[in-house]
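Please look over the following two-chain model before reading the briefing. The notes are grouped by topic.

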Amino acid sequence: MSKLRRHSVIPGFGLTLGYSVSYLSVIVLIPLSAVVVRGVAQPWPQFKEAVFDPRTLAAWRLTFGAAFVASLINVVFGLIVAWSLVRYKFPGRRLLDALIDVPFALPTAVSGIALTAIYAENGWIGRLLEPLGIKAAFSPLGIVIALAFIGLPFIVRTVQPTIEDLDPAVEEAATLLGASQFTAFRRVILPAVQPALVAGFVTAFARCLGEYGSVIFISGNMPMKTEIASLLIVTKLEQFDYAGASAIALLMLVSSFLLLFAVNFGQWWSTRAQRREA
Amino acid sequence: MTRRVLIGISVAFVGILILLPLIAVFIEAFRKGIPFYLAAISDPLAISALHLTLVTAGISLAANLIFGLAASWLIAKFSFPGRSLLLSLIDLPFAVSPVISGLIFILLFGAQGWFGRALTDRGIQIVFATPGVILATVFVTFPFIARELIPLMQEQGTEEEEAAMLLGASGWKTFRRVTLPNIRWALVYGVVLANARAMGEFGAVSVVSGHIRGRTNTLPLHIEILYNEYNFSAAFAVATLLALLALVTLAAKAFLEWRIRVEEA
């Protein structure tokens, strides 16, 4: 054991290593490996059937599509919100800042039923949309709204520190040199916040792919139309189709791991590039 | 001009998307009056759901707190091969969706699971029972506390502990008298965040609970059942308890962030 570590007077290496690794294995690694084994240990046609039958395909398209649209909306508005929070002093700024964390703290089932109440036909906003022929709850739009709610903090909290680091003098210099506000935004601000925006987008997107509680109430869960991938896993489990559920879960796990790996790699790469410039 | 427009857009977007649902919870809860509200939250099924929620959160937090302390001590005080791998593995549960966090325990302990047969033969039930609910909650809250402690302890280094050891303190005493006071606020911070997730978890718990009323229902599952029975006002009444928990969590979070800043300055 002592060969493994740097010589140290501090005790507890063996104890904490043993405990941490065993606990991690029992709670996380062994259970997660069950999905991988169950998912892989089935004949390919069966796996293909579970993952690519028309109903599941429709769920994939909806899940990825809604997560993409919701995260795109959040990139635009999240940037505006983060910018306002960092650069402007206004009454209620701290309240606005605190509200951003509500989706982190509010249980998803609660946000789910609250959003449904608001966007249903007789709800506060649903009532206004109905005469326009827009159906928000029990439609893909409702799913986008729920995912936008869930994803907003990821983007705002990723972009905020980058804007804090941005020196206002640089944009001022650009405007003094004759650039319009739009040009200053496009040529000075956007390039600086772009890596954070991309990281925030991917993190929010990955989170939205697996979201369940806030979506299932507002979506209406109609097969082929408003059924998300997470719900299909639950449906398969209820039919005791463990292999099918594992196949879908495996594909979802791989997607979100790849996305989050890409974010971490991107961040590592950009800090390395910055260090090299310095 | 730009300033006004941008502030206006921010306030409107956050107001509609986030504040409105929060307000809706309270308004819908009191739609049928205060007596109905009080009856809904004091219903025996609501009370048993609250009880299970508290027990589950308590056990999960204790388990993950011990792990968080062990893992952060290991990672911050020693350097060994595989340290960064261990660090990334701790974050794994954050990348796993709620439903899958429940599914994995069904695959292990369900009737057709790896250990399913062995358990049924001995009359032990894990999924569709309280242990399953607790396991799923431990899994989803796994990284919270460790994640707050590790960077802080890494930053603090080992000098203070080394000094204490050289002055003759035992390892346990060093931990209790030197390390613990240094990390206490970050520790409380991690516990607060983990607690919010533990009490509010829905997807993972929903999959493993089996929805047995009065036995394996936590507060979020109780809300779902009431809602699906079209008992909306009662569902929102119970939801106010969790919404209040969220508000208390945010207030505690703001206080602790302020405390940690003061401590660092």
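Predicted model: local features only at pLDDT ≥ 70, side-chain atom pairs only at ≥ 80, totals over all residues.

Residues are numbered from 1 along each chain as its sequence is written, and chains are lettered from A and ligands numbered from 1 in the order in which they are written.

**Contact between the chains**

- In this model, 73 residues of chain B are in contact with 72 residues of chain A, contact being counted when the C-beta atoms of two residues, placed from the backbone, lie within 7 Å.
- The side of chain B that touches chain A receives the most from helix H1 (residues 2-29) of chain B, which gives 18 residues; helices are DSSP runs of H or I with at least four residues, numbered from the N terminus.
- By class, that side of chain B holds 57 nonpolar, 10 polar and 6 charged residues, where Ala, Val, Leu, Ile, Met, Phe, Trp, Tyr, Cys and Pro count as nonpolar, Asp, Glu, Lys and Arg as charged, and the others, Gly among them, as polar.

- Helix H12 (residues 229-238) of chain A packs with helix H5 (residues 98-109) of chain B at an angle of about 25°, their axes being 10 Å apart, and that makes H12(A) roughly parallel to H5(B) (the term covers angles under 35 degrees).
- In this pair, Ser230(A), Ile233(A), Val234(A) and Leu237(A) of H12(A) meet Val99(B), Leu103(B) and Ile106(B) of H5(B), and by class the contact has 6 nonpolar, 1 polar and no charged residues.

**Domains**

- Chain A is assigned domain 1 (1-41) and domain 2 (43-277), with bounds that come from an automatic or database domain assignment, and the C-alpha centres of these two domains of chain A lie 33 Å apart.
- The contact between them takes 4 residues from domain 1 of chain A and 7 residues from domain 2 of chain A.
- Chain B is divided into domain 1 (1-30) and domain 2 (33-264), and 30 Å separate the C-alpha centres of these two domains of chain B.
- Their contact takes 6 residues from domain 1 of chain B and 10 residues from domain 2 of chain B.

**Helix H9 of chain A**

- Helix H9 (residues 168-176) of chain A is hardly covered, with a count of 0 buried residues among its 9 residues, a residue being buried if 20 or more other C-beta atoms lie within 10 Å of its own.
- Gly178(A), which follows H9(A), has a positive phi, near 105°.

Key
Helix = DSSP H or I, 4+ residues; strand = E, 2+ residues; numbered from the N terminus. Buried ≥ 20, exposed ≤ 12 C-beta atoms within 10 Å, placed from the backbone. Axes fitted to C-alpha atoms, helices over the stretch in contact; angles between N-to-C directions. Parallel < 35°, antiparallel > 145°, perpendicular 65-115°, else oblique.
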